[in-house]
Amino acid sequence: MTPKTNKNGLTAFLAIIRRDLLLAYRYRAEVINPILYFIIIVSLYPLAISPDPKVLTKIAPGIIWVAALLASLLSLDNLFRSDYEDGTLEQMLMSPHPTGILVLAKIVAHWITTGLPLLLVAPVLAYTLHLDPKAYSVLMITLIIGTPILSFVGAIGIALTVGLRRGGMLLSILVLPLFLPILVLSSVAIQLAASPRPAIAPIIPGAWFDSVVYLTTQAPYSAAIYTLSALLILAITLAPLATAAALRISLR
Amino acid sequence: MSNNQKSTQIILQARNLTYERNDNELFCNLNFSLRAGEMLQVKGANGSGKTSLLRLLCQLSLPEEGAFFWYGEELKHVIHQYLREVIYIGHNQGVKNELTVRENLNIFNALSEQPTKTPISQVIEIFGLAEHEDSILHRLSAGQKRRVALARLLLHEKKLWILDEPQTALDKIGLSLLESLYQQHIHQGGMIIIATHQPINTVGIHIKSLLIGESDPQAAVYE
Amino acid sequence: MFSSFNFKYFIISAAILLLLALVYAPHSQPLYGDPLKTGTQTKVGVQTEYGLIGTDKFRIYKSQKLEFKYKNMVVTEKINTTAATTGSLFLLTNWLYQLFFFLVTAIAIGYSKPISNFIKKTGSLKYTYNLSGKFIPWIAILALLLATIGIVDGLAFAPTDAQQKDSFRIIYIHVPAAMLCIQAYIVMSIASAIALIWRIKIAEIVAMSIAPLGAAITAIALITGSLWGARTWGTWWEWKDPRMVSVLILFFIYLGIMGLNSAIEDKRTAASATGIFTLSAFVIIPFIYVSVKMFNSLHQGSTQVIGSSDMHPDMARPLIVMFFATMLYFTFALLIRIRGEILIRDRKTQWVKDIALRS
């Protein structure tokens, strides 16, 4: 009854990534939009607050991360919308391959086209914001770990709102509270890298959280980076499942 | 009617299907069954629930009550095997307008688990798309886009075809091509479920029909 | 009884919950303990004869001896472990309680098939409507009674705090509201999970009804918290305080859930979509607890939230009463919403039409 299969999930995964990258390449003028948005938002702050380098150095991590957040939010819409409108999403749900794998492929392709360009532009913008030179490596680390989390968590939000008429505003409300821990952790890490504070001994030895803090206070920002990595792994494993379930519901 | 080719085993069966949408009950206690080599035409007015029934068959929506049975087993237990043998071409055709004909077919090939029944070049020839092979679908007419969508039917060996108004935008040649496809598929022992209210001209195939809607949601004429 | 028990489910869920218990157990804190004696170690500092020495000023040695500088001397003190032992005994019973709770959950998961059959039978909307109708008056009366006792006791009879004078009394509303907003989210997640897995209508209705109430109680917690902060810390809003900010995020999540629910027309699809979002956003609950530890170490020198677990019993008693009072009031409001929603959903059935004709 069941025909012989000669393709597995990996082939489908790579085929979807290839397809999405092909689509992005074919409309490569649109890839530049999130980057432009990123640059514009970053340039709003010095104009609005103060161009004084001393002030900018302190708030540079926050500016870059808020801009990355908003650019990511804006670019989420084209993750599923075109597929939803021409029926390709239904076909993906109907394929015998696990939907989670196909969704994972789409999110990875989306990050390559929207998150990766941000990584390339961020150091330049950090330089214009007079970010402390010590903090550049931590900035890149938090961006490399954090922007995929934004793509994964945002995918859940866009999967829920893709079928709604005016889902754009609702998407922001749903997804931004989930983004906030990432924002706070990343900013704090970069600020601490810029101006480190002395390590502290654990308060009550025994609770294992304190041991983690104690071990990681060799470099004070590394606790935040470990937490970010844990969130990334949580997102990679669980977000595709939640997104697949949300897509099925949106397509009812 | 090729009786000797028809197997007596019921392959697909629907029992007690009830579906409501936005608090409107579209149909209630619907029953039908399908054997190999049979074709089912779902008829009904616009908005009567034809598309909803087809989507239920694809497991894209869930019924309020009732279940489907595939080779006698409840569908949710054998969903994997079922999806391998079903192809669905719905209202929105499921092809990417920004890609070329060949790229679209390549992707469908990669997404399916089976090897191709017919090579892609041959499929393109059969559907008369040879000179538009490398054109982006945006630039083609609606009829040509529909042909690309229907080309999937020949790509892989699938038992059950679920088609929602497949003949829209097709010209006479396209229609006759489609009908010859139906014929070929049925004679090979496949099953087709079509939602359309236009008559289907096929030779030698008995078409069951299911009427949904009208005044009473339970009225379903079945012959 | 044992034939319908799914052993595989039990083992897997017990393993996961045991892991969770190991993570959360050290986090449990006793509600109140012995009053401060010299040498007693609390989360804020050590009570010595030189006063309360803050935690960032001393070193701890393995022998529970500590050393700190006072004026120009180096003082070595022995820590009184009695209070610590009482505290740790409390912690141990807390942990055992958690383990017990998780074990019961694992057993319930093992019995999930019979339980879901039972829920399907008794989860009919009419049954729930009638059953809750019997309980509502009693819940309301009990809530009113406990609230009166708690508030009068808290405002009039609890002793005045040494540092905060009378302004601490807002904790009798703030703490129950804060605990309840988290508990409400957990109950909403459980109801959403049941609704997603078994598609049971009453679970969908419960999940949908908790959202606005949870948002309201989170708002109360935030407002009372900021009022309290205005008095004790001097600012109406302290962005550095991780717990405050995390509860604000929780408030936004509640609002997002309400928004998503109203944006989708079909009620069953709306309930499923909201369920997925509720479960995805569940990570905020552990984040509220983790962020306090995480950010106090990252932001050294930030003000400590009420970390001290040593509260006078006369102060704690009205708190427990108020906690039950707010929980009962929340249940009362929730049941009223659920009954209303049941009537709307089943408006085409005969029993609802009978009720409408009767009134």
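Modeller: A salt bridge here is a side-chain nitrogen of Lys or Arg within 4 Å of a carboxyl oxygen of Asp or Glu. Keep in mind that this is a predicted model, where local features need pLDDT of at least 70, side-chain atom pairs count only at pLDDT 80 or more, and totals for chains, interfaces and linings use all residues. Side-chain values use heavy atoms, without hydrogens and water.

Colleague: How many salt bridges does the structure hold over all chains?

Modeller: Side chains of opposite charge can pair when their charged atoms come close. Over all chains, the salt bridges number 21.

Colleague: Which side chain does Asp83(A) meet in a salt bridge at 2.5 Å, N to O?

Modeller: Asp83(A) sits in helix 4 (residues 81–85) of chain A, and the pair crosses between chains. Helices are DSSP runs of H or I with at least four residues, strands are runs of E with at least two, and both are numbered from the N terminus. At 2.5 Å, N to O, the partner is Lys96(B).

Colleague: Are Lys96(B) and Asp86(A) buried or exposed?

Modeller: Lys96(B) also forms a salt bridge with Asp86(A), with the closest N and O atoms 3.1 Å apart. Buried means under 20% relative accessible area, exposed over 50%, and partly exposed in between (1.4 Å probe, protein chains only). By that cut-off, both Lys96(B) and Asp86(A) are buried.

Colleague: Where does Lys267(C) lie?

Modeller: Lys267(C) meets Glu341(C) in a salt bridge (3.6 Å, N to O). The pair ties together parts 74 residues apart in sequence, because Glu341(C) lies in helix 10 (residues 313–345) of chain C and Lys267(C) in helix 8 (residues 267–280) of chain C.

Conventions:
Residues are numbered from 1 along each chain as its sequence is written. Chains are lettered from A and ligands numbered from 1 in the order in which they are written.
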